Amino acid sequence: MTTTIPVPAGTRAAESTAAVRVRGLRKRYGTHQALDGLDLDIERGEVFAILGPNGAGKTTTVEILEGFRSRDGGQVRVLGEDPALAGRAWRARLGVVLQDSRDLSEVTVGEIVRATAAYYPAPRDPHEVIDAVGLAAKARTRVRALSGGQRRRLDVALGIVGRPELLFLDEPTTGFDPEARHQFWDLVRSLRDGGTTIVLTTHYLDEAAALADRAAVVRDGKVVALGTPETLGGEAARTPVVRWTDSRGTHAERTTEPTAMVARLMATAAGPDGEVPGLSVTRPSLEDVYLGLINPEEKR
Amino acid sequence: MTTLAVTPRLPAVLSVARVRAGIEVRQFLRERDAVVFVLIYPVMMLVIFATVFGKSPIALPGGAGTVGFAQYFLPGMIATGAVLSSFQSLAVTIAVERDDGTLKRLRATPAPAAAYFLGKVAQVVTVTVTQIVLLLAVAHFVYDVALPTSADRWATFAWVLLLGTAAGAVCGVGFSSVPRSGRSAAAVVTPVVLVLQFISGVFFQVDQLPSWLRQVGEVFPLAWLAHGMRSVFLPDDARALEPSGSWQHGLTAVVLGAWLVAGLVLGLRTFRWRRRDDG
């Protein structure tokens, strides 16, 4: 089942203010239809997460938006321009943090952040950027000597030093320890608070839940769900599940009225001590909802 | 964000190129492999060969005297150095940079492509000039090689070096698309240059090579670069040691110029910012 996003009323206004607007995006690799009519609207100032399994079309989508890949069909506007035709002035308004980076080994953190700032018309102060990503103590360290997490923070520093209006973060926290991840989230929030629009692709659903104002789930080259992390997948996907155990085994039942159900179980399934064995009431997490969306045939 | 009432102008290509040049030169000098196998290698070869064969000067035909071994060997090492600093260095580093994402990262910024290439040019010029100064200093002060005194010869030196290095550089950009990965780049590029060194007469006297092998070598720029450099550093009588018996400056310019144009066209047509497997 596929859900198409309704085109919002007043498209003219949406066109002039949207950071990203995609209609019917198509891309084929050989016989594989990687993108099959994908639609997307990302508003200015929001953190927008693109979720989906490997091979769903996330990276293809993002790299088309960034101007790295060509498309076979559809309309794309990023900051009002077509990425396939846009030039240096457009790139100056963009920040891109790519997925894997193994480059820049012999220069120092300070050297490469300063050099990168010089590519842009109105860069941030390199010192402040290095401070903001928590690498002040490493400014004179060569990139090859950084840890994985420090390298990733350097990638972010290089992505934001040009003062982008729109920042793409592709799997930014892969390999981070929990503390580093939380520090990174704070950094992303402070960028959003400063007015930067952020497009985040991630495998971590807790990351999307913590950061994203809205999220889209991509499967088979289409957007299959769109909404805030709290509403993604709709009401039905979030129906609480009541679980309990009795002589016939463990039961799990979805209900919109878990309290009434628990009261009924107390009357019928409670043991001599008044407790219902194995009783739990769980509301599906974003991760449960997401897994239900990308594997619709698996009942969860 | 709303304070950006006027759109600030993009930095000029040359100012970005200057920044790139700083990064390129620093990266090169901090990479020990590059310093040893590109910058120092010809100097090392000069020292080894001049020390081993230094006592056997080369007789010029017709009783025109002799040329010291170091003096005969120096032009070949200058030519080798120019090819290493331009062709080998660029072919390897650009292949590595394409593989490790340097190029893709740069492509995501407003840095113009011209600034990237100008940065490379600055790096090649810096390394080539340093290398030649080292070679000339070692040849002159350690092995008593007399350096040319006429402006004519230095002019020849300048245009042969410029044309040869430029041809090597554009061919290096083109050849950088041949290695399949950054890891294999050095392994793919180094033997090409090594074979060229043997068949272009930089290690031996040119007339010691079988003529068919010499003719294969003469298809490529290194042979002409070495030929041109011999015309600068050897006495005029030494042209009798050349297979053609003359210095062939016109033909040298034509061959090097042809490689420059061919390399430029090929380099522009094949250059990719991303790996082959990356979309």
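The second largest cavity is lined by V96(A), V97(A), L98(A), D100(A), S101(A), R102(A), D103(A), D155(A), D100(B), G101(B), R105(B) and A108(B). Its volume is about 80 Å³. The lining divides into four nonpolar, two polar and six charged residues. Here Ala, Val, Leu, Ile, Met, Phe, Trp, Tyr, Cys and Pro count as nonpolar, Asp, Glu, Lys and Arg as charged, and the others, including Gly, as polar.

The model is predicted; local features need pLDDT of at least 70, side-chain atom pairs pLDDT 80 or more, while totals for chains, interfaces and linings use all residues. Residues are numbered from 1 along each chain as written, chains are lettered from A and ligands numbered from 1 in written order, and side-chain values use heavy atoms, without hydrogens and water.

Cavities and pockets were defined on a 1 Å grid over the protein atoms alone: in a cavity a 1.4 Å probe fits but cannot get out, a pocket is an open set with protein on both sides within 12 Å along at least five of seven lines, and lining residues have an atom within 4 Å of a point. Grid points are joined across faces, edges and corners; volume is the space filled by probe spheres set on them.

Two cavities of 30 Å³ or more were found.
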